[in-house]
Every structure is written in C-alpha cells, then in structure tokens.
Amino acid sequence: MSDLEAPLRPKRKKGLVDILVQFRWIVVIFVVLPFSFLYYFAIYVGDMKSECKSFKKRQKEHDENVKKVMKRLKERNASKDGLVCTARKPWVAVGMRNVDYKRARHFEVDLSAFRNILDIDTERMVARVEPLVNMGQISRATVPLNVSLAVVAELDDLTVGGLINGYGIEGSSHIYGLFSDTVVAYEIVLADGELVRATKDNEYSDLFYAVPWSQGTLGLLVAAEIKLIPIKEYMKLTYKPVVGNLKEIAQAYIDSFAPRDGDQDNPDKVPDFVETMVYTSTEAVCMTGKYASKEEAKQKGNKINCVGWWYKPWFYQHAQTALKKGEFVEYIPTREYYHRHTRCLYWEGKLILPFADQWWFRFLLGWLMPPKVSLLKATQGEAIRNYYHDNHVIQDMLVPLYKVGDALEWVHREMEVYPIWLCPHRLYRLPIKTMVYPEPGFELHRRQGDTHYAQMYTDVGVYYTPASVFRGEVFDGSLAVQRMEEWLIENHGFQPQYAVSELTEKNFWRMFDAGLYEHCRRKYKAVGTFMSVYYKSKKGRKTEKEVQDAEKEKAEVETPDCD
C-alpha cells in the first residue's frame, strides 16, 4: 500500500439508525425546510423593522439592554448560582458540537435583543454592531453603500459574536486575517457587571487580544466595532482547473495568491479573494476574485452569473465544470458572491437532500433552501447525532501554508473526504502571545505567502462523509479526529472549536497557548463566573460538579506570568 493509499477497513454492520439517516430527507422536506423558511422570514422581518429605526434609536435601545445585562450579572450570587452562560437554547448554535455545557446548572443571561446594526460610519470606515447580527444582515446593509466588512464569512447565519469569540474566515483573509483581526474595539460586560471598551492600545488591551477564540468565557460581548473596506458592485472570478497529485494541487493553490518573489502586499499581484476546492486526489479548481465595477462587468462579451438565484446550480458544482471546459472568467454580483455557499451549505446539502441539486428540485423548491442548521440539529435525535459523530466529518484544520500539501495527503490517507475546501489566512505576529500564534521565527524563513509581520496559514476544510462509509466499511470518527488533533499539534496547527473535539485538557493547551487567556480570566474575575474555554469546548455532558471542581482548581492555581 502506498503512502497515499487509504487503509482497507472491515465492513460495517448496518442497523436501524442507517435507515433513519437514509430517509431523513423526508423529515427535512416536510418539517425542517418549511419551518426554516418561516424562521428566516421572521428574522428578515425583524431585521427590516430594525433598519427602519434611526441609529440614534437603536443606540438608545442598546444602552437599555446593556443595563439589563449589567444588572443581571450583579444579581448573581456566586455561592448559590451556577456559572454564567447565555439563555440561548443549546440547539440554536450553528456549530456542529452540541452545547452540552448547558446541561449543568447555570445562571442565564438573555442576550437575544442584541441583533441590531448600531452604526455604519463610512468616514471612519467602521461598522458598530451587536453580537447577534449575522453575515446576511450586515452585507445587506453595507453592500449597497459600496462598503463591506473586510472579512465576510460565507454562510448567512454566522453571527458577529460567534465569529469573534470563535473562528471566522473568508476568501479575503489572506489580506486581512481572520474575522477577529478586523475588529477595532470590543464592548464587553465583565463578570462583576462592569461595561468596558477594549482596544489594542487602551487600558484593556490585554482583554482585546484575549477575546478571540475564548468562546465568550471572559465576559459577555455586547457590541463590536469592525473594519469596513471599499468595494465594487461585482466580483470578477477566474476559475482555473488543476490536475495532478496532491502536492502539485497544493503548489498551484499557493501560486494562485502568493507571488513567488515575496511581494505579498502588492495588490497588482495578489487577488482580492481566493479559494480552492479539491474534488479528488488528482483534481481541483482554484478560484481568484477581483472587485469590478458595474461598468466593467456589463461590457460586451463579459458573462454575468447571478449565482444567488434559487434555481441556479450549486456553486461548488458550477465551479467543478472548469475541470471539463477549462479556465473561464465570469462576473458575480458582490453580495451573491459573498454568500455563494449558503444555499447548499458548501456541499453538505447533497447529504441532507440527495436530490436537491437536481434542476427540477432547484426550480420547484430551491427557494426553500437552505435548511436551518439549528433545526437540523433539533430534529436529529441522540441516535442520529451519534451516527454523524462516528460516520461523518466536519472539521477545519488551520495549518501553516507551506504544510498544506502534507495536510491534504494526511486527510486523504486518514479520512478520504472530498471535496476539500482551501482558504488562506494571515496569522499575525502580535505584541502579545494569544491563544493562536504563528510559528516562532517564521519571519526568518520568508516562505511563500509570509511577510515579516504575519505568517500565511490555510484552512483545510473537511466537510463530508468519508469514502469508506460510502463503501460500507467501518470508520471510527472519534479516532480519526483524535489523530487529526495530534497531527495539528505536531505541525503547529489549530482546530476551531465550533466542531466536535476529542482533545484532552492537556492536549488542548498543547495546541493553544494559555498564558494571556488565564491571565485575563483572573484579572477580570471570570474564574468562578464563566466556564473555562476548554470545558465549554469539551465533548460530552458536563456535570455541575465537574465544572465547579475545574473552576475551583483554576482559582487555587497561582496566576501565571504572561509577559
């Protein structure tokens, strides 16, 4: 067996749950899709009502809601009440792991009112928003003004709070970094009920750098100021097919956005947007985008493709046609390009509804897509949930760019999942070491994509059912994730914690750096008030005693020096 060949596995015995999964589309068609549509419509109406209010009125309501949160935290009795968490139901989260930490006794704080855009300042080029504002809402408000967030995550449902406290990336991250790197200021209610504004250069600068990846365990985010950039009406998108082995695909991907001469900050050499989809171990399509004006897009001979219409082919399948017809260029309305993966949830829609990509379904019922992830989770039950954990993969591997070829070969060998999504991002060298950080001394090597101030990383997105499961073979999802996590630790990679994690506490802090995070936990009195980020991310149910004992142990440990 060659190094790239996937190992042979024994056949798996099928049971009742396999039948439930096979015919789950019935529940999705008749229950999930209709309720998703009604839910999306209700949210849209609420957003429209918010947009009808002046920024001044929205700010007044925001101030009142913040006072309620501050009062609620001050009412908490530390000796009697459980740890603080939001009142959001566990199944509502977009992430794939169930929020099992809410099964333990907890002290709820309602943040459901924080879903307004508070200001769009086109002079400062900053948008001030509440944490439950989602990507669809903010792009709807900004794109008509020819401005946008510097990083707009692809799925409409993803919220500002989730992208800041967790992880957020987009095809522009090779220029601007992760979503949290584009934040100018955080407004946070601390454990004692105090409201603070944290920036990179004020007295709360340590908190500013500690918030990303903290999963909301340092305080309650109530607003954020986020960088805006000027944009144009269309995205000029070039589709370039690549045929070769995985190392050759990796190099073609790197070459698509990283000049070999190291001139990474030259806008004439670096595209505005980048992504690559690897369809098999020998085929991929690299896509690069440049903003284009309406006048350019409508010039004679140029093709405009409105990919957002419900009847259009799913984006990943449309891109795949480049493997047959060769390289081509088209113009896509900017907002439709931002949310190109929403209708089909990348390619997960094919598993949820196997026939939903067919022309007849798209034309008749495509307007109902996508199913809301939270409703999919709410209707799956424990048995199906465990089945997906064992026989399905939804993971992101953040690895140094120069190791992307090794990562692709590892995924092929251990998981054999296709398509694979590749998206680069900068990992900045900051004045203080944060939970995620570049390799020490990276700037000395000046590898392709790197600059003196940031190392280029890439997201290797692995979302689908492994080929071994389709062949009826045994696949141990938990073991595969454990091996993936160990590989990431050995290669200075990171695993976003929206996904199911098998990390032990020891390995969690091998992957992430605890210094600044634990320093801020103590300084801002989060210990004993908010659950630690590991226990919030940890797979499985958390009993009240387990969580409280962990917090007590943290409180007794001497404060580490994070200088």
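Trainee: What should I know about the model before we start?

Mentor: It is predicted, and local features need pLDDT of at least 70, side-chain atom pairs count only at pLDDT 80 or more, while totals for chains, interfaces and linings use all residues. Residues are numbered from 1 along each chain as its sequence is written, and side-chain values use heavy atoms, with hydrogens and water left out.

Trainee: Let's take helix 2. What span should helix 2 have, and what do its end C-alpha atoms show?

Mentor: Helices (H or I, at least four residues) and strands (E, at least two) are DSSP runs, numbered from the N terminus. The expected span of a helix is 1.5 Å times one less than its number of residues. Helix 2 covers residues 24–52, so its 29 residues should span 42 Å; the end C-alpha atoms are 40 Å apart, which agrees.

Trainee: Where in helix 2 is there a kink?

Mentor: A bend at a residue is the angle between axes fitted to the seven residues ending there and the seven starting there. Here a kink of about 35° lies at Val32, shortly before the proline Pro34.

Trainee: Which residues of helix 2 are buried?

Mentor: Buried means under 20% relative accessible area, exposed over 50%, and partly exposed in between (1.4 Å probe, protein chains only). In helix 2 the buried residues are Arg24, Val28, Ile29, Val32, Leu33, Ser36, Asp47 and Ser50.

Trainee: Now pockets. What is the volume of the second largest pocket?

Mentor: Rolling a probe the size of a water molecule over the atoms shows where empty space is left. On a 1 Å grid over the protein atoms alone, a pocket is an open set of points where a 1.4 Å probe fits, with protein on both sides within 12 Å along at least five of seven lines; lining residues have an atom within 4 Å of a point. Grid points are joined across faces, edges and corners, and a volume is the space filled by probe spheres set on the points. The second largest pocket has a volume of about 580 Å³. It is lined by 23 residues, and the closest to its centre are Ser180, Asp181, Thr182, Val183 and Phe208. Strand 6 gives the most to this lining, with three residues.

Trainee: How do I read aromatic pairs, and how many are there?

Mentor: Rings of Phe, Tyr and Trp (its six-membered ring) pair if their centres lie within 6.5 Å; planes under 30 degrees apart count as stacked, over 60 as edge-to-face and the rest as tilted. The structure holds 36 aromatic pairs. Phe273 and Tyr291 pair edge-to-face, at 5.8 Å centre to centre and 85° between the planes. Phe273 lies in strand 10 and Tyr291 in strand 11, so this pair ties together parts 18 residues apart in sequence. Phe273 also forms a tilted pair with Tyr338, at 5.9 Å and 40°. Tyr338 is in helix 12, so that pair ties together parts 65 residues apart in sequence. Phe273 counts as buried at 2% relative accessibility, and Tyr338 is buried with a relative accessible area of 1%.

Trainee: Which peptide bonds are cis?

Mentor: Cis bonds have omega of about 0° between Met369 and Pro370 and near 0° from Tyr418 to Pro419. Pro370 is in the loop between helix 14 and helix 15, while Pro419 is in the loop between helix 17 and strand 14.
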